Amino acid sequence: MDFVRLVNNVKRFFQDEEYICNENAPELTKEQYTALNVGAVNAEQNCYYCNCLETEPDKEDVKNRLSDYYDIADRASAVETLEWLLNRGHHVYYEAIKGIIANDDKEFNLEGLLDEEKTDALLEYTQNLAESIEHLTEEDIIKKPSDLNNIPIDAWDLGRLVLVTRCCYDSKYISESEAWRYITAAYKKSKELYKNWSEFAKGYVIGRAMWNGNNMSLTGIISIAQRLEKDENSPWVKYPLN
């Protein structure tokens with residue numbers, strides 16, 4: 001990471017502006033605003049706009065983030081990643097491991113996994129989730145481990161799908177119509193799986209915990225989600241999921 005990017009990331013960390021709006025953004029429909037905010041946690045985390053497809057003015061930074069975090073460098077890799085987030089994602093691993101934490105099962109449920117998904121990542125994700133249970137309970141994400149059976153973590157994939165879609169659009173890897181197609185698909189799936197943003201947030205947080213364990217980053221994600229749920233100025237409050 002070069003010095004300029006390091007400085008920009010430090011600035012982002014300490015920036016306290018919330019729900020950043022692009023004053024020149026085109027007017028959207030209520031459904032479009034709601035769909036965009038499937039990715040609200042990610043947008044707040046990255047200090048991105050909350051009211052338009054565009055993420056931020058620095059398009060080179062957006063491209064670098066896509067490359068660093070998602071190995072996206074062109075249209076082909078963009079479409080491949082977006083399709084994976086929409087149709088597979090990390091929730092397939094969760095379905096394989098959750099029984100071990102929720103029910104004290106002894107083996108992974110490999111039924112829904114492709115051969116290439118049966119990797120050491122399953123053990124890593126199980127360890128991450130196990131070490132996060134106490135924190136998730138303290139934050140009232142779950143009451144007890146068996147609650148994991150009833151909380152899908154597709155929100156973790158769908159929230160990132162919206163953010164990555166916006167970044168791919170900003171980077172000119174996909175068109176505007178393609179971007180809205182992915183974002184709308186994420187919105188429809190979210191409405192099918194979750195009654196409200198509170199349920200969505202729980203799924204997102206648990207997915208994040210499975211992916212990277214119990215750390216300060218998880219604490220920050222929980223804080224963002226809680227603010228989005230309760231702050232009267234939050235786009236989640238302005239645009240309910242259902």
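Two rings of Phe, Tyr or Trp, with the six-membered ring standing for Trp, form a pair if their centres lie within 6.5 Å. The model shown in these views is predicted.

**View 1. Ring pairs link Tyr 194, Trp 197, Phe 200 and Trp 236 into a cluster.** The structure as a whole holds eight aromatic pairs. Within the cluster of Tyr 194, Trp 197, Phe 200 and Trp 236, the view can be centred on Tyr 194 and Phe 200, both of which are buried. The ring centres of Tyr 194 and Phe 200 are 5.6 Å apart and the ring planes stand at 75°, so this pair is edge-to-face.

**View 2. Tyr 93 and Tyr 125 form an aromatic pair that links distant parts of the chain.** A pair of aromatic rings is described by the distance of the centres and the angle of the planes. For Tyr 93 and Tyr 125 the centres are 5.4 Å apart and the planes are at 70°, so the two rings are edge-to-face. Tyr 93 counts as buried because its relative accessibility is 10%, and Tyr 125 counts as buried because its relative accessibility is 9%.

View 3. When neighbours within four places in sequence are left aside, Tyr 93 is in contact with Leu 113, Glu 117, Leu 122, Tyr 125 and Met 210. One of these contacts, Leu 113, is 20 residues from Tyr 93 along the chain, and the C-alpha atoms of these two residues are separated by 7.5 Å. Lys 118, which is 25 residues from Tyr 93 in sequence, has its C-alpha atom 8.8 Å from that of Tyr 93.

**View 4. Lys 118 and Leu 110 in the loop between α6 and α7.** Lys 118 is placed in the loop that runs between α6 (91-102) and α7 (121-138), and Leu 110 lies in the loop between α6 and α7 as well. Not counting residues up to four places away in sequence, Lys 118 touches Leu 110 and Leu 113. Lys 118 counts as partly exposed because its relative accessibility is 38%, while Leu 110, at 35% relative accessibility, also counts as partly exposed. Together with Phe 108 and Leu 123, Leu 110 makes a nonpolar surface patch of about 240 Å².

**View 5. Cysteines in a structure with zero disulfides.** Why is Cys 52 too far from the closest cysteine sulfur for a bond? A disulfide calls for two cysteine sulfur atoms within 2.5 Å, whereas the sulfur of Cys 52 is 8.1 Å from that of Cys 50, its closest cysteine sulfur, and this is too far for a bond. Cys 167 is likewise in no disulfide, since the nearest cysteine sulfur, which belongs to Cys 168, is 7.0 Å away. Cys 52 is buried, with a relative accessible area of 5%, and Cys 167 counts as buried at 5% relative accessibility.

Note on methods: Residues are numbered from 1 along each chain as its sequence is written. This is a predicted model: local features need pLDDT of at least 70, side-chain atom pairs count only at pLDDT 80 or more; totals for chains, interfaces and linings use all residues. Side-chain values use heavy atoms; hydrogens and water are left out. Helices (H or I, at least four residues) and strands (E, at least two) are DSSP runs, numbered from the N terminus. Buried means under 20% relative accessible area, exposed over 50%, partly exposed in between (1.4 Å probe, protein chains only). Contact means heavy atoms within 4.5 Å. Patches are made of residues with over 30% relative accessible area and no salt bridge: like charges are joined within 9 Å, nonpolar side chains (Val, Leu, Ile, Met, Phe, Trp, Tyr) within 5 Å. Accessible areas come from the Shrake-Rupley method with a 1.4 Å probe; for residues, only the protein chains shown count as cover. A salt bridge is a side-chain nitrogen of Lys or Arg within 4 Å of a carboxyl oxygen of Asp or Glu. Rings of Phe, Tyr and Trp (its six-membered ring) pair if their centres lie within 6.5 Å; planes under 30 degrees apart count as stacked, over 60 as edge-to-face and the rest as tilted.
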